[in-house]
Amino acid sequence: MDPTALMTEALALAAEAAAAGEVPIGAVVADESGAVIGRGRNARQAGDPLGHAEIYAIREAAETIGDWRLVGTTMVVTLEPCAMCAGAIVNARIDRVVFGALDPKAGFCGSLGNLVQDPRLNHRVELIPEFMAAEAAELLQQFFRRLRAR
């Protein structure tokens, strides 16, 4: 698995989201060989309150392999997952999450809490935080600068 290539793809999905007027967050799910089996980008402004990049990537990965159990997979996402997405990651049995920028206002993989490694749950996820964080943060900063300038 090449986390740099996977994060580069997630960043490209985030840029697509920004071009569509969405908060620039992208996610990919890769199988054990590193092949991408699920992709997602934010789409909440399109009217989906659950339209987070991670949710779309999980749905596509499950459809690709024909099972809701994503054992042996890695999610790479540009921003620390929120509580909803962290819960979906645990429930989908994803093994590892690599994320870019920290989210001190909503992140639940270390910032506000750590749902994916809570010992009370039946599945715990390996975390690799702040991977290519500067690149991910820059996309978000540019997006919000443009939004405030309007």
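Which residue of β2 does Ala27 stand opposite? Select Ala27 together with Gly40: Gly40 is the residue opposite. The model is predicted, so local features need pLDDT of at least 70 and side-chain atom pairs count only at pLDDT 80 or more, while totals for chains, interfaces and linings use all residues. Residues are numbered from 1 along each chain as its sequence is written, and side-chain values use heavy atoms, without hydrogens and water.

Next, select residues 26-30, strand β1, which pairs with β2 in the antiparallel sense over five bridges. Strands (E, at least two residues) and helices (H or I, at least four) are DSSP runs numbered from the N terminus; two strands pair if DSSP finds at least two bridges between them.

Now select Cys82 and Cys85. Their sulfurs are 3.8 Å apart, too far for a bond, given that a disulfide is a pair of cysteine sulfur atoms within 2.5 Å. The whole structure holds zero disulfides. Both residues are buried (under 20% relative accessible area, 1.4 Å probe, protein chains only): Cys82 has a relative accessible area of 15% and Cys85 one of 0%.

Finally, select helix α4 (residues 133-149), which supplies four residues, the largest share, to the lining of the largest pocket. By class, that lining has 13 nonpolar, five polar and six charged residues; nonpolar means Ala, Val, Leu, Ile, Met, Phe, Trp, Tyr, Cys and Pro, charged means Asp, Glu, Lys and Arg, and the others, Gly among them, are polar.

Terms used
Buried < 20%, exposed > 50% of the residue type's maximum accessible area, 1.4 Å probe, protein only.
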